[in-house]
Amino acid sequence: MVRKLLLSVSLCAALTSGAFATDVVTPASDVHKVYNAQTAVLDNGMEIVVVPIHRTPAVTHMVWYKAGAGEEKPGAKGVAHFLEHLMFKGTPHIPTGKFSEIIQQMGGDDNAFTSWDYTAYYQIVPKDKLADVMRMESERMNDMTPPFKEIVSEKEVVIEERRQNVESSPAATLGEKMRDVLFEGHPYGNPILGRMEQMQKLKWIDALQFYKHWYAPNNAILVVSGDVTLADVLPLAQATYGALPKEDVPQRARPDLEDLKETPIVTHTQANVRQPLWEYMVRAPAAHQAPQDSLALDVLADLLAGPTGNLYQELVVKEKIATSINAGYDSTALDDGSFMVYAVPADGVDMKKLGDAVTRVLKDIGEKGFTDAEVKNSIARQQDEAVYALDSLAGPAMTIGYALASGERLDDIETWPTRLESVTPAQVKDALNKYVLGRKGITGYLLPPTAEKTGGKDAQ
Amino acid sequence: MRSKIFVLLFALLVPFAAQAKILDIKEVTSPGGLKVWLVEDHSLAVVALTFAFRTGAAIDTPDKQGVTQLLSNTLDEGFGDMPSKDFQGALRDNAIDLSFSFSRDQFYGQMRTLTRHLPEAEKLMKGAIMGPRFDTEAVDRMRAANIARIKSNLSDSDWIAARILNDLMYQGHPYAMNTGGTVETLTTLNAADLRMTRANHFVRERLVIGMTGDITPEQAGQMADMLFGGLPQKADVPLIPDQIMPQAGQAVYYAQDIPQTSLSVAWPGISVHDPDYYASVVMNYIFGGGGFSSRLMAEIREKRGLTYGIYSSAYNLDHADRLVVSASLLPGNVVKTLDLIGEVADAMKTTPVDAGTLKAAQDYLTGSLPLQFSSTQRTAGALVELQLNDRPITALDDYAAKILAVTPADIQRVAERIFAVNPIVVAVGAKPEGLTMLEWTSIPNAETVSK
């Protein structure tokens, strides 16, 4: 057993360029790491990441599949998410509907979620139940067997999920319309749940095919955070996931994203909308695509966002044309990430006026740039915030799994706060000009019914 | 090979061993006489503080609804000679989380900081508590943000359902008000209102404090004195009466142009001080609180696919308690769902739960408790909630025994008490088919004060 442990560990050393630590090997690098995660790879290719946090006798156990809505075939949109639901419908040893019940009897909680780039399953349980949940999760990696009538009723459940979370929510519907234009021709432009007409066509055979193609140990990442170490987890992983065969998994093939030719405006109006919303979304590189630009965008988003950021101070505090405004950069994606600005216009403020004001503030910074002190402060406070990453049980597993399944490397996640120090004011300014201002993005208006024709006056 | 593993698995499903203390809670009395519940944890250089005063939005008067909400939004907008931008800048540059919140019965403050920024965090929290500026600019800005929030909520069917349910259930009682305020009342509130509301809430005799993380008992006592020592001991505020239960069986519908009906079904609940409280916790878990393990979820989502989710939750206030079932579904499925909810409720009264179901509920409720303390802030919050409910310092360790003592007969008794009356039903969105409901065309205490 010990020999095998060392073998796996040294295997992983080759894969992660020394960026790991275990009970048996001391890390060579002294660069500060956020999580001090320990890693290994099973013989069948399944990656393992463990983040020891010894504050509560509990663990978060997650399996991330490197497949999501982005891997769906044209006639089977929504099937990745439908499959995620069916994964709770039974295996040879776990009857239909019992998976979550068994977890709850442990005192634990479980669930799953699907995005374009991944599908993830998790359980939060007392640490002495880790072996049990690993047996359960590994069984449904290979042996899902939902009864027919469960498939029929679950299709109704996911359709109700869409009605509840998208079609009854004006803001969510606007978001779908914006992505549809910004990511046209790419899976990111299609809703994860699928559109209603796509969901009506969901079929068991498509879910099964997706399962057979993509669910395999060599296309999955096991992430455990909590009161354990790799030495505890590895033997359990070998006995469960390690018993599953390696499979042929297709390469993920995504179409290239193209720049928008113009700057379109999408509007959404629904009878129950009373408060207008303004949003802007533009493609920006993901962290793994352009690491240094991505770090600069992290600093840019930090400086623009929040109540002390330029947008809030200019447009909410000084000019009072918005009641709130914020900015955000999503750097974790297999294909492109995105940069967003979103605002609530002040009473009676025209949408175009608000959009022009946002552009003016951004262009102004694009010319002047930020001072050295502003950038240094931003880096220092983001480094401080990184300490809080360990003040959580599930957070580290969520963050690491999300990033790894989206094409990032563990080493880059661990050293992010240190790498941030390399960002200069010139790089932040360039990132703003190159991506946020330099690329064409999509603007979205959420409007009350009567305001549609007048271009954004609030209905009173 | 696999089947052997699974035999083992089911044999291992025993309740979480409760021999060790769940949390090592110390009660610290500060030099100035303030009581602090503290959990020391020096594994991470982080300190968290949560405190609460035992008065909340229920003491707002109807014409000043939302003043406690606005107070919670303006305390962090500067103090003394430090204006809003400098205050927010200091929080940000030192990575300090500092915020205020409230419920109907409490006003809360929360703070989390790295140990090395603790002196700065204390200075900022003390300033926010003792000398907030309430600058006109900041008050106007937060007023506008709150009015925008209400207007956004006007497209949220669950929010509308809550306004109607509160109005029906708490009619004539302060709890019927909208804690977030109304457009009408927020428009008139000013700095003088905020000063008076602050003085009403912030008194030492109604204060409870929880701290966790990288701080010693001595430091905890000093921090409590520094932050709160300057507050007056007491202040006169109106007493909130206990709520008298309204007429049961009312059914109200509010139209919204969306594909689903958002359904709320409410009964009177069981108080946290009631001898049947722990039985009600177990009953609710089995009925609809237990997520995928609950009977409502099994009947309505899993077997029939009528909804994405159906849940029952207990709302325990100081002067009223209720149990609410909520779900969103197609209007054609509302009647069927109401019938099923009624059948599941009746079964809770008439049929003793089987031993397996009871044990599964008890296993979850006792086993999940230690998992709740996963961050310094959650732990500090739990320390405050225990004190607000007047629980002894050993309450977490006593909890399992109280849950395990609940019998099938206790569950039947508590179900008889809760489901004795016809529930109040509120439907918002698409019009339920085959159901007669009183239709309301305005939302109480949203834009204007409900008379």
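**Size of chain B.** I looked up the radius of gyration of chain B in this predicted model. A compact globule of 451 residues would have a radius of gyration near 22 Å, and chain B has 24 Å, which agrees. I then noted the extent of the C-alpha trace of chain B, which spans about 65 × 60 × 40 Å along its principal axes.

**Make-up of chain B.** I found 16 helices and 14 strands in chain B. Buried residues account for 52% of its 451 residues. I also examined contacts in chain B between residues at least 6 apart in sequence, and 83% of these join residues at least 24 apart.

**Strand E7 of chain A.** I turned to residues 265–269 of chain A, which form strand E7. Its covered face holds A:Val266 and A:His268, whereas A:Ile265, A:Thr267 and A:Thr269 lie on the uncovered face. I recorded that E7(A) pairs with strand E11 (residues 442–447) of chain A in the parallel sense, over five bridges. In this pairing A:Val266 stands opposite A:Gly444 of E11(A).

**Positive phi angles.** A:Asn36 has a positive phi, near 50°. I located A:Asn36 in the loop between helix H1 (2–15) and strand E1 (38–41) of chain A. A:Asn36 is partly exposed, because 16 other C-beta atoms lie within 10 Å.

B:Ala95 sits in the loop between helix H3 (84–93) and strand E6 (97–102) of chain B. B:Ala95 counts as buried, because it has 20 C-beta neighbours inside 10 Å.

How values were computed. Residues numbered from 1 in each chain as written. Chains lettered and ligands numbered in written order. Predicted model: local features only at pLDDT ≥ 70, side-chain atom pairs only at ≥ 80, totals over all residues. Buried ≥ 20, exposed ≤ 12 C-beta atoms within 10 Å, placed from the backbone. Helix = DSSP H or I, 4+ residues; strand = E, 2+ residues; numbered from the N terminus. Pairing = 2+ DSSP bridges. Rg over C-alpha atoms; globule rule 2.2 N^0.38 Å. Contact = placed C-beta atoms within 7 Å.
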